[in-house]
Amino acid sequence: MKTSARLTGSQRDRAFARLRSITVGTAVASTAAAGAFGFLAVQTNPGTQAANDSGVTTAAAAAAPTTSPTGADTTTSGTTGSTLAAPTAAPTSTPATTTTRRHATSGGS
Amino acid sequence: MVRAETFEALGCDVRVVAADGDVAVARREVGRLLDEVDRTYSRFRPDSELARINARPNETVAVSALLSRVLDASLRAAWVTEGLVDPTVGRQMRLIGYDDDFARIRGRTDAIVLRLEAVAGWRTVRFDADRQTVRVPRGVELDLGSVGKALAADLAAVTAMNAMGGGGVLVSVGGDISVAGDPPAGGWNVLIADDSRAPVDAEGETVAIHDGGIATSSTMVRRWTRGGVELHHIIDPRTGLPAAALWQTVSATAATCVDANTAATAAVVMGAGAPDWLAERRIPARLVAGDGEVVRVAGWPLPMEAVPA
């Protein structure tokens with residue numbers, strides 16, 4: 001196809017406008033396509049949790065039973081979850097002289 | 001009224017303390033639970049469920065509810081400590097000579113060969129909590145002793161509490177302590193020591209806790225010598241050998257005894273980075289270095305005598 005060697009100003013402006021619309025349109029369409037593909041992937045593959053890297057086929061965070069082997073209700077807040085569970089309150093200091101009121105010893109064994 | 005009973009189980013001293021409840025009932029329930037624990041996951045009983053699983057490598061084996069529970073807790077401990085507390089150290093425990101009740105291994109003096117070799121690691125264990133099955137690869141042996149003892153304390157405290165029907169209870173299994181129910185006025189006063197066998201009226205720092213658990217890991221107990229080499233029972237999974245003891249004793253409190261024990265044991269293995277690691281997790285802890293220096297983090301209190309007037 002034969003074209004003129006030089007474009008007029010208005011022709012050039014129209015060409016740039018057309019190029020911009022194509023560029024923007026392509027970007028918008030690509031983003032939409034990526035989003036749609038991601039949504040589809042999430043819907044069809046629930047994925048794995050971090051714990052599954054370990055071979056724990058059920059997530060550790062959800063695996064702890066809610067009852068003890070003896071059937072008693074147990075507190076599981078500290079034995080589940082992805083991090084160590086801090087106590088409700090930090091320990092408080094007790095005078096060492098009140099030895100008769102001590103209830104137990106925590107030490108290595 | 002606070003009453004206490006003590007007895008032996010799982011190769012260590014057990015203490016049951018009841019506040020405004022029947023301590024005999026609490027002691028009976030704790031004893032029954034610890035019997036079940038011993039039958040289920042003792043490493044030293046050839047007839048335990050754990051021993052049978054260790055003897056069946058590469059097989060998917062159905063496990064009881066209690067073993068499922070302790071496996072879950074042990075693998076979670078490994079997960080949250082990035083493998084510093086790892087249940088696959090059973091073989092290494094055996095190789096360093098800890099292959100029987102501690103009272104029996106102390107008398108041995110013959111040399112053993114120590115190998116610098118990382119453990120296979122907790123990621124090699126295939127555990128399905130829903131189906132209650134586990135598969136352990138060949139060459140791997142599980143040792144659930146560390147987390148297992150703490151879990152026993154947690155389960156025992158709640159079981160005893162429910163049996164009493166009210167009041168409060170403290171259960172100490174070899175110094176791993178869990179409390180449930182209403183504490184006595186001022187809380188549960190606990191002596192902090194290197195050795196859990198220290199009597200409650202011994203000299204030492206005392207703290208009060210109101211809920212959850214407290215545990216201490218120490219390289220100062222369960223030490224033995226083989227071929228002139230002194231060993232202890234806290235394995236560094238990265239080397240397969242007893243952990244380098246920057247911290248000789250670490251005590252920690254948490255929402256459960258399992259988490260307190262996990263934190264304390266991980267800190268011993270971790271070494272220099274432990275104070276920051278504990279502080280980031282808001283785990284109150286007391287770390288005693290080899291030279292006796294004491295480091296307190298995340299709200300662990302100064303001893304009363306050291307508090308300025």
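Residues are numbered from 1 along each chain as its sequence is written, while chains are lettered from A and ligands numbered from 1 in the order in which they are written. Because the model is predicted, local features need pLDDT of at least 70 and side-chain atom pairs count only at pLDDT 80 or more, whereas totals for chains, interfaces and linings use all residues.

Helices (H or I, at least four residues) and strands (E, at least two) are DSSP runs, numbered from the N terminus. Two residues are in contact if their C-beta atoms, placed from the backbone, lie within 7 Å.

**Contact between the chains**

Chain A brings 46 residues to the contact and chain B brings 85 residues. On the side of chain A that touches chain B, α2 (60-63), β1 (92-94) and β2 each supply at least two residues. The largest share, five residues, comes from β2(A). By class, this side of chain A has 18 nonpolar, 24 polar and four charged residues; Ala, Val, Leu, Ile, Met, Phe, Trp, Tyr, Cys and Pro count as nonpolar, Asp, Glu, Lys and Arg as charged, and the others, Gly among them, as polar.

Strand β2 of chain A (residues 104-108) has five of its five residues buried, so β2(A) is largely enclosed by the rest of the structure. A residue is buried if 20 or more other C-beta atoms lie within 10 Å of its own, exposed if 12 or fewer, and partly exposed in between, with C-beta atoms placed from the backbone. β2(A) runs parallel to strand β8 (residues 188-195) of chain B, and four bridges join the two. Two strands pair if DSSP finds at least two bridges between them. The table gives residues that stand opposite each other in bridges, from this pairing and from the sheet described below.

| Residue | Partner | Strand of the partner |
|---|---|---|
| T105(A) | L191(B) | β8(B) |
| V61(B) | V134(B) | β5(B) |

**Sheet and loop in chain B**

Three strands of chain B form an open antiparallel sheet in the order β3-β5-β4. β3 (60-62) and β4 are the edge strands, each pairing on one side only. From one strand to the next the twist averages 20°. Three bridges link β3(B) with β5(B).

Q132(B) lies in the loop between β4 (126-128) and β5 (133-135) of chain B. Q132(B) is partly exposed, with 19 other C-beta atoms within 10 Å. Leaving aside residues up to four places away in sequence, Q132(B) touches A62(B), V63(B) and S68(B). Q132(B) and L67(B) are 65 residues apart in sequence, yet their C-alpha atoms are 8.7 Å apart.

**Helix pair**

L67(B) also takes part in a helix contact: E36(B), T40(B) and Y41(B) in α1(B) meet L66(B), L67(B) and V70(B) in α3(B). These residues divide into four nonpolar, one polar and one charged. Helix α1 (residues 23-41) and helix α3 (residues 65-80) of chain B pack at about 75°, with their axes 10 Å apart. α1(B) is therefore roughly perpendicular to α3(B), a term for angles of 65 to 115 degrees. Axes are lines fitted to C-alpha atoms, for helices over the stretch in contact, and angles run from 0 to 180 degrees between N-to-C directions.

**Nonpolar core**

A nonpolar core is a set of buried Ala, Val, Leu, Ile, Met, Phe, Trp, Tyr and Cys residues joined through C-beta atoms within 7 Å. The largest one has 100 residues, of which A156(B), V169(B), A263(B) and A267(B) touch the most other members. Helix α6 (residues 145-164) of chain B gives the most to this core, with twelve residues. Not counting residues up to four places away in sequence, A267(B) touches W247(B), V250(B), A274(B), L278(B), A285(B) and L287(B).

Methods
Angles under 35 degrees count as roughly parallel, over 145 as roughly antiparallel, 65 to 115 as roughly perpendicular and the rest as oblique.
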